[in-house]
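Subject: A structure for you to look at

Hi there,

Here is the structure I promised to pass on to you. Please open it next to this email, and then we can walk through what turned up.

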Amino acid sequence: DSMEAAARRNAHRPLLKIKLGGPGDLDRLAAVRRGAPAARLVVDANEGWTGDFLAEGLAACAAAGVVMVEQPLPAGQDGLLARIARPVPVCADESHHCAADVAGLADRYDAVNLKLDKAGGLTEALKVVAAAKAAHLGLMVGCMVSSSLAMAPAQLVADGADVVDLDGPLLLSEDRTPGLVYHGSLVDPADPALWG
C-alpha cells in the first residue's frame with residue numbers, strides 16, 4: 001500500500017526506479033504500476049532474486065511494462081541469465097566494476113550500470129562507456145549516495161545513456177554548497193564553481 005501511494009504521488013515523473021529483491025516483489029510491482037500507470041519503470045532487484053524466481057520475475061516485469069531490470073541475481077551467480085530468454089533488458093550493476101569487466105557480460109546482460117564511485121572516477125568511466133559500446137550493451141548511469149561533487153562528472157557520461165539515475169545528493173541530509181540544482185526529475189548542468 002505504501003509503495004502504491006508513493007508511486008501515485010510521483011506518477012507525474014517520466015521514470016520511476018523500484019527497489020525490489022525479496023518475497024512479495026510481484027505484489028509490490030503490481031502496486032507501483034497501479035499507482036503510476038504511465039511512468040516508465042526500472043526495477044532494481046539488488047541481487048535479491050533466485051534462479052528459481054528469475055523467469056517468473058522477468059515475465060512479471062515484462063507484463064508490467066518495466067523497461068529494465070537491474071542485477072536480479074547475485075554477482076558471480078548470474079550465469080543463468082545467459083541461458084534463459086530475457087523479455088526485459090537486464091542491466092549489470094554489482095557484476096562489474098571497471099572497463100575490463102564489461103566484455104565478459106555481453107552473454108548475460110543487455111546493459112551496464114556505470115557508477116563513477118564504483119569505476120574509480122571519470123577516466124575509468126569513459127573507458128566503461130567505450131567498452132559497453134564495443135560489446136553492444138546499453139548504458140545506465142547511476143550513483144551511490146554521494147554529494148553533488150560526485151554527480152558533476154557523472155553528468156558528462158550520462159549524455160546518451162539509456163537510463164540516468166543521479167539522485168545521490170537528494171538522499172543526503174545536507175549536500176555541499178554550491179550543489180547541483182534539481183527540478184523534479186531534471187538536474188541542471190553543474191555550475192563551474194562546483195566542479196570546474
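How many nonpolar, polar and charged residues are there in the lining of the largest pocket? Sorted by class, there are 22 nonpolar, 6 polar and 11 charged residues in that lining. Before you read on, please keep in mind that this is a predicted model.

Let's stay with the largest pocket for a moment. Its volume comes to about 1,100 Å³. In total, 39 residues line the pocket, and L15, L16, K17, D165 and D167 are the ones that lie nearest its centre. Several elements give two or more residues to this lining: helix 1 (2-9), strand 1 (15-19), strand 2 (40-44), strand 6 (138-142), strand 7 (163-164) and strand 9 (186-187). Strand 1 provides the largest share, with 5 residues.

Now to the second largest pocket, which holds about 160 Å³ of space. You can find its lining by selecting L126, V129, A132, K133, L137, L139, L156, V157, D159, G160, A161 and D162. Helix 6 and helix 7 are the elements that give two or more residues here, and helix 6 gives the most, with 4 residues. By class, this lining has 8 nonpolar, 1 polar and 3 charged residues.

Those two helices are worth a look as a pair. Helix 6 covers residues 122-134 and helix 7 covers residues 148-158; they pack at an angle of about 20°, with their axes 10 Å apart. Angles under 35 degrees count as roughly parallel, and so helix 6 is roughly parallel to helix 7. The crossing of helix 6 with helix 7 is right-handed. Which residues meet there? From helix 6 come L122, A125, L126 and V129, and from helix 7 come P153, L156 and V157. The residues of this contact are 7 nonpolar, with no polar and no charged ones.

A second pair to look at is helix 1 and helix 2 (residues 25-35), whose axes come within 7 Å and cross at roughly 30°. That angle makes helix 1 roughly parallel to helix 2, and their crossing is right-handed. On the helix 1 side, the contact is made by M3, E4, A7 and R8, while helix 2 brings R28, A31, V32, R34 and G35. The residues of this contact divide into 4 nonpolar, 1 polar and 4 charged.

Finally, here are two details of the backbone. Most residues other than glycine have a negative phi, and most peptide bonds are trans. With that in mind, where does a cis peptide bond turn up? It joins T177 and P178, with omega at about 0°. P178 sits in the loop between strand 7 and strand 8 (182-183). The other detail is N46, a residue other than glycine with a positive phi, near 50°. You will find N46 in the loop between strand 2 and helix 3 (51-63).

Best wishes

How values were computed
Residues numbered from 1 in each chain as written. Predicted model: local features only at pLDDT ≥ 70, side-chain atom pairs only at ≥ 80, totals over all residues. Heavy atoms only, no water. Axes fitted to C-alpha atoms, helices over the stretch in contact; angles between N-to-C directions. Parallel < 35°, antiparallel > 145°, perpendicular 65-115°, else oblique. Left-handed = near helix turned anticlockwise from the far one by under 90°. Contact = heavy atoms within 4.5 Å. Nonpolar A, V, L, I, M, F, W, Y, C, P; charged D, E, K, R; others polar. 1 Å grid on protein atoms, 1.4 Å probe; cavity = no way out; pocket = protein on both sides within 12 Å on 5 of 7 lines; lining within 4 Å. Points joined across faces, edges and corners; volume = space filled by probe spheres on them.
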